[in-house]
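Trainee: Could you take me through this structure slowly, setting each value against the definition behind it?
Mentor: Gladly; let us look at it together.

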Amino acid sequence: MTTEQPVSLTRAEEQLVSYLRQTADALGPPARALEERWVYTSQFDLLLREGRLFTPAPLPDAIEHLDPGWCFANAAQLATDHPDLQLTYAEGYGSAPVGAGQALHTPHAWAATPDGSALDPTWPHEPGTAFLGLPFADPAMWPHPLTGRSLLQEPPFLHHLLRSGLPDDLLADLGHPLRQ
């Protein structure tokens, strides 16, 4: 990853980061992670230390929104179906407005552009949306566009990352580092 200067956070990004920190603190490190000296104590710790921020952007006119509830498959399908856009599958947490000052923070996936924008084929593009996650460089490991499941929610893959750390070639150098 590059050594960019930290970016100032939007209100939505601040809320998302605060949620991840509170959740990480509430969970605390599991005894197994401490005993075995895992690199990261939880997916929240991983995202807070290695995650990248992505700026929400509207989908290009020729691209339609896909079915709600399938964000992992939708993001992989968008990236796979549009090689001309040079998209990369990204996964982590998204935050979407749900009412007066309220936001939903949830595991989510999107397609990352070379300039660090998030193209989300699942959620509508609207103010107050935020994305913090990991852009996965190798298309062979992206979820299947029809049946794809989360990478960071699946115990075998997640536990390997938490225990061993991120391999050097796992992530694409996209998005903006979270440094505070």
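Mentor: On the face of α1 turned away from its buried side sit the exposed residues R11, Q22, D25 and A26, where exposed means over 50% relative accessible area, buried under 20% and partly exposed in between, with a 1.4 Å probe and protein chains only. Residues are numbered from 1 along each chain as its sequence is written, and side-chain values use heavy atoms, with hydrogens and water left out. This is a predicted model, in which local features need pLDDT of at least 70 and side-chain atom pairs count only at pLDDT 80 or more, whereas totals for chains, interfaces and linings use all residues.

Trainee: What makes the span of helix α1 agree with its number of residues?
Mentor: Helices (H or I, at least four residues) and strands (E, at least two) are DSSP runs, numbered from the N terminus. The expected span of a helix is 1.5 Å times one less than its number of residues, so the 17 residues of α1 (residues 11-27) should span 24 Å, and the end C-alpha atoms are 24 Å apart, which agrees.

Trainee: Which residues of α1 are buried, and how do you know on which side they lie?
Mentor: The buried ones are A12, E13, L16, V17, L20, T23 and A24. They cover an arc of only 135 degrees around the axis, which puts them on the same side of α1, the arc being that of the directions from the helix axis to the C-beta atoms.

Trainee: Why is the pair of F44 and Y93 called tilted?
Mentor: Rings of Phe, Tyr and Trp (its six-membered ring) pair if their centres lie within 6.5 Å, and planes under 30 degrees apart count as stacked, over 60 as edge-to-face and the rest as tilted. The centres of F44 and Y93 are 5.6 Å apart and the planes are at 50 degrees, so the pair is tilted. F44 belongs to helix α3 and Y93 to strand β2, 49 residues apart.

Trainee: How do you know whether F44 is buried or exposed?
Mentor: F44 has a relative accessible area of 8%, so F44 is buried; Y93, at 5%, is buried as well.

Trainee: What makes W110 and F131 a tie between parts of the chain?
Mentor: This tilted pair has 4.9 Å centre to centre and 50 degrees between the planes. W110 lies in strand β3 and F131 in strand β5, so the pair ties together parts that are 21 residues apart in sequence. Both W110 and F131 are buried, and together with F54 and W123 they form one aromatic cluster.
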